[in-house]
Amino acid sequence: MDYPGNLFVVAAPSGAGKSSLVKALLELDSHVQPSVSHTTRAPRGQEKHGREYFFTSDQEFDAMVASNGFVEWAHVHGRRYGTSRKAIEERVAEGADVVLEIDFQGAILIKEAFANAVLIFILPPSWEELRSRLERRGEDAPDVIEMRLQNAAGEMAQACKFDFVIINELFERALFDLKTIVHAQRLKFAAQRRTRADTFESLNIS
């Protein structure tokens with residue numbers, strides 16, 4: 001369907017800065033709303049249920065899978081993550097711009113379900129910096145960090161399937177790039193025609 005709102009899908013390997021960039025974007029642009037995914041992992045740090053994620057049990061997750069409640073779901077680092085189709089459809093149908101943080105597999109599935117979705121991949125500037133960021137986070141054991149680095153190689157190889165790529169070397173520059181993508185999408189012909197239908201009609205533009 002052709003919704004009035006835009007759907008931005010942001011993916012990255014762990015430690016690339018995806019969550020920090022999306023959080024900053026949400027603080028700067030009140031028209032962008034977060035899509036909250038479901039996960040079976042435990043909350044980290046100051047994360048709250050319903051804000052960063054809906055933290056669910058394996059049984060609750062199984063029930064949603066069985067009822068086709070997810071537009072996509074996947075195993076990531078030993079845990080499951082899923083995206084509610086209904087939640088996304090309702091928001092973009094109301095004209096909101098929705099941003100979704102997800103793994104690359106989920107991003108591809110989202111694109112299949114929502115043809116107008118804009119896929120954005122965040123890359124680190126180097127392997128050394130990626131490892132350093134994971135270590136500075138202080139949330140994972142050394143073996144988990146090694147697993148994340150191994151997974152990152154396969155994840156970053158999928159960047160070619162995305163519409164845009166941002167290299168997060170300097171945070172401010174990467175945030176500017178992300179804001180630019182969002183603004184440019186709003187100015188595309190199809191998006192403008194959806195959101196300013198009255199103007200296009202008055203100018204006899206179809």
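The model is a predicted one. Val182 belongs to helix α7, which spans residues 171-186. Contacts with residues up to four places away in sequence set aside, Val182 touches Phe8, Leu25, Asp29 and Val32. Asp97 stands 85 residues from Val182 in sequence. In space, the C-alpha atoms of Val182 and Asp97 are 8.8 Å apart.

An open sheet is built from 4 strands. Their order is β4-β3-β6-β5, and the pairing is mixed. The edges are formed by β4 (53-55) and β5 (70-76), each of which pairs on one side only. On average, neighbouring strands of this sheet are turned by 25° against each other, direction ignored. In general, strands of a sheet pair through backbone hydrogen bonds, in parallel or antiparallel fashion. Strand β3 (residues 37-39) and β4 run parallel, joined by 3 bridges. Within this pair of strands, Thr39 stands opposite Phe55 of β4.

Two helices meet the sheet. Helix α3 (residues 85-93) lies across β5 and β6 (79-84). Its direction is at about 35° to β6. Helix α4 (residues 104-113) also packs on the sheet, where it touches β5 and β6. The direction of α4 makes about 170° with that of β5.

Aromatic pairing was examined across the whole structure, and 6 pairs were found.

Helix α6 covers residues 142-156, 15 residues in total. From first to last C-alpha it reaches 21 Å. This is close to the 21 Å expected at 1.5 Å a residue. Its buried residues are Ile145, Arg148, Leu149, Ala152, Glu155 and Met156. Viewed down the axis of α6, these buried residues fall within an arc of 120°, so they line one face of the helix. An α-helix has 3.6 residues a turn, so residues three or four places apart point the same way. The buried residues of α6 pack against α4, β8 (118-123) and α5 (127-137). Asp143 and Gln150, on the other side of α6, are exposed.

Key. Residues numbered from 1 in each chain as written. Predicted model: local features only at pLDDT ≥ 70, side-chain atom pairs only at ≥ 80, totals over all residues. Heavy atoms only, no water. Contact = heavy atoms within 4.5 Å. Phe/Tyr/Trp six-rings, centres within 6.5 Å; stacked < 30°, edge-to-face > 60°. Pairing = 2+ DSSP bridges. Axes fitted to C-alpha atoms, helices over the stretch in contact; angles between N-to-C directions. Expected span 1.5 Å × (residues − 1). Buried < 20%, exposed > 50% of the residue type's maximum accessible area, 1.4 Å probe, protein only. Arc of directions from axis to C-beta.
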